[in-house]
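Look at the model below.

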Amino acid sequence: MTDDEADPIEVRVGEALRETEGTVAVAESCTGGLIGSLLTDVPGSSDYFDRSVVTYSYDAKRDLLAVAREMLDEVGAVSEPVARQMARAVRDTADTTWGVATTGVAGPSGGTDETPVGRAYLGVAHAAPWGSGDSFSTVTRYEFDGDRRTVKRAIAEQALADLLDAVEARR
């Protein structure tokens, strides 16, 4: 492990965003603001962190991120399409370089056979310069184990790791 890898993920994300002059906004459901908290634990994070929008309920996702009622009815909040829409929407409404979204089931209850406890979809959206056609979004599905706090922390740290990978890939 290099010295850089020994730093917490939120520090490494901050360094990468500063180096690329990137900014980030976060749409959090199952993490309930934890990603925003981690990012703001880093001194000077106001250089790159814009906001965290906690959209825990269906109504909040519709109201703050314009996630379509039909999408929520059809696929549910814990899904790839909703994570993608959340990441894109927070990126675009905050006018940041990057948008990150989390949606999942932290447990210990609330899971189903189709969507078990510990499942999460993490979205990352990038805003490229207008007219370039290079804007993109990705979503990855993960399965995490542990109690509620452990799962929330794992989801938050994985979302930051996914963001870091995307930022570094754009260098």
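The model is predicted, so local features need pLDDT of at least 70 and side-chain atom pairs pLDDT 80 or more, while totals for chains, interfaces and linings use all residues. Residues are numbered from 1 along each chain as its sequence is written, and side-chain values use heavy atoms, with hydrogens and water left out.

The protein chain holds seven helices and five strands; helices (H or I, at least four residues) and strands (E, at least two) are DSSP runs, numbered from the N terminus. In sequence order the pattern is α-α-β-α-β-α-α-α-β-β-β-α. The C-alpha trace spans about 40 × 40 × 25 Å along its principal axes. A compact globule of 171 residues would have a radius of gyration near 16 Å, and the 15 Å of the protein chain agrees with that; the radius is taken over C-alpha atoms, and the globule rule is 2.2 Å times the number of residues to the power 0.38. Of the contacts with a separation of 6 or more, 60% are between residues 24 or more positions apart, a contact being heavy atoms within 4.5 Å. Of the 171 residues, 46% count as buried, where buried means under 20% relative accessible area, exposed over 50% and partly exposed in between (1.4 Å probe, protein chains only).

Rings of Phe, Tyr and Trp (its six-membered ring) pair if their centres lie within 6.5 Å, with planes under 30 degrees apart counted as stacked, over 60 as edge-to-face and the rest as tilted. In one, the ring centres of Trp98 and Phe136 are 6.1 Å apart and the planes stand at 75 degrees, so the pair is edge-to-face. Trp98 belongs to strand S3 and Phe136 to strand S5 (residues 136-143), so that the pair links distant parts of the chain, 38 residues apart. Trp98 is buried at 2% relative accessible area, whereas Phe136 is partly exposed at 26%.

The largest pocket contains about 210 Å³ of space. Its lining has 13 residues, with Asp92, Ala127, Ala128, Trp130 and Ser135 nearest the centre. The second largest pocket has a volume of about 180 Å³. Of its 15 lining residues, Cys30, Tyr56, Gly104, Val105 and Ala106 are the closest to the centre. Helix H4 (58-65) and strand S3 (98-104) are the elements that give two or more residues to this lining. A pocket, on a 1 Å grid over the protein atoms alone, is an open set of points where a 1.4 Å probe fits, with protein on both sides within 12 Å along at least five of seven lines; lining residues have an atom within 4 Å of a point. Volume is the space filled by probe spheres set on the points, joined across faces, edges and corners.
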